[in-house]
Amino acid sequence: MIELLKQLCMLDGTSGDEGTVRQFVISQIKDYCEYRVDNLGNIIAFKKGKNTPQKKVLIDAHLDEVGLIITHIEDNGFLRFSTVGGIDTAALMFRKVLINGNTLGVIGGKPVHLCDGDERKKLPSADSLYIDLGVSSKEEAEKLLSVGDCAVMCSDFTVIGDKILSKALDDRVGCAVLINLLKQDSEFDFYASFSTQEEVGLRGAKVAAFTAKPDAAIVIDGTTAADVAGVAVAKQVCRQGEGAVVSFMDGATSYDREYYNAALNSGIKAQSKCAVAGGNNAGAIHLSRGGVRTVALSVPCRYIHTAGSTCNMSDVVAVRDLTKYMINKIAGGEL
């Protein structure tokens, strides 16, 4: 799956502008399942299995990544922007960015040697930053882009042993897992959604779940691993190399307890997410229609929502295997 993950991560798909990622996913799955694209740009797929399921299962991964949107072009050609999704200012400072897949720039700000005493002690506000294209006028900038265009932080895709370093691991790891599952033979029929706009409010998944009408859902995502220097063990949330991360509760969902326990006791390498924080598309899916029993299976990612996020491929494989296990248990009526 490494080459597939590389292709996915190197595509740009800020929330609301996921078209490039969507077309790539379709090229990968079109020969293995039925699919349609809805009005919000979600891909909703149906995988025919060997057996008819007792419960309709939906597997979800989101297409979008965090990024920037251009809000103003100044007379000197500098671009003002807003963040799309949650990005810490520290992750933006002096980063190279790519706009519309073809225009490079760098995020600039006030030089530190011109900052006063208190200014040096804190990060600048995000609205004090700008993108420098290397042009000298608004007219030059307008030949390259327009207000409303999107940008992502530039990144290489680097493999070091079992570890991957790249932008957009959240949630291209989930997309890679879901594509891989759709290409395999399945014991049971299941539905899949590659959803849009997760990073700005779980919007696409809400629509996809309403359309698919599942009895149960498995949400695949990347989640924060804080197993780094200076963080107490109790605050590390989850650890890389310890397998799939199974959530009992987060900021948007209290998860189905039977599904949570089944995932942890599957015999596939897995760990609990030891924090009640954040959220993912489960927050929208489990509230759809009359309610959907839901479990979240995540890949632990360090430095999430930056250009240098990392994950372990062994954890990605564990999430894939555990997802397949849970499909069979739920669709087969054992859960």
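Q: What should I know about the model before I start?
A: It is a predicted model, in which local features need pLDDT of at least 70, side-chain atom pairs count only at pLDDT 80 or more, and totals for chains, interfaces and linings use all residues. Residues are numbered from 1 along each chain as its sequence is written, and side-chain values use heavy atoms, with hydrogens and water left out.

Q: OK, at what angle do H7 and H9 pack?
A: Helix H7 (residues 257-264) and helix H9 (residues 313-331) pack at about 130°, with their axes 10 Å apart. Helices here are DSSP runs of H or I with at least four residues, strands are E runs of at least two, and both are numbered from the N terminus. Axes are lines fitted to C-alpha atoms, for helices over the stretch in contact, and angles run from 0 to 180 degrees between N-to-C directions. That angle makes H7 oblique to H9, given that under 35 degrees counts as roughly parallel, over 145 as roughly antiparallel, 65 to 115 as roughly perpendicular and the rest as oblique.

Q: Which residues make that contact?
A: Tyr259, Ala262 and Ala263 of H7 meet Leu322, Tyr325, Met326 and Ile330 of H9, where contact means heavy atoms within 4.5 Å.

Q: And Met326, what else does it touch?
A: Leaving aside residues up to four places away in sequence, Met326 touches Ile218, Tyr259, Ala262, Ala263, Val295, Leu297 and Leu335.

Q: How many residues are in the largest nonpolar core?
A: That core has 56 residues, and those with the most contacts inside it are Phe194, Ile218 and Met326. H5 gives the most to this core, with 9 residues. A nonpolar core is a set of buried Ala, Val, Leu, Ile, Met, Phe, Trp, Tyr and Cys residues joined through side-chain atoms within 4.5 Å; buried means under 20% relative accessible area, exposed over 50%, and partly exposed in between, with a 1.4 Å probe and protein chains only.

Q: Switching to H5, how does H2 lie against it?
A: The axes of helix H2 (residues 19-29) and helix H5 (residues 169-183) come within 10 Å and cross at roughly 20°, and H2 and H5 are therefore roughly parallel to each other.

Q: Backbone next: where is the cis peptide bond?
A: The bond from Asp170 to Asp171 is cis, with omega near 10°, and Asp171 lies in helix H5.

Q: What about the phi of Ala168?
A: Ala168 is not a glycine, yet has a positive phi of about 65°; this residue sits in the loop between strand S11 (163-166) and H5, and is buried, with a relative accessible area of 10%.
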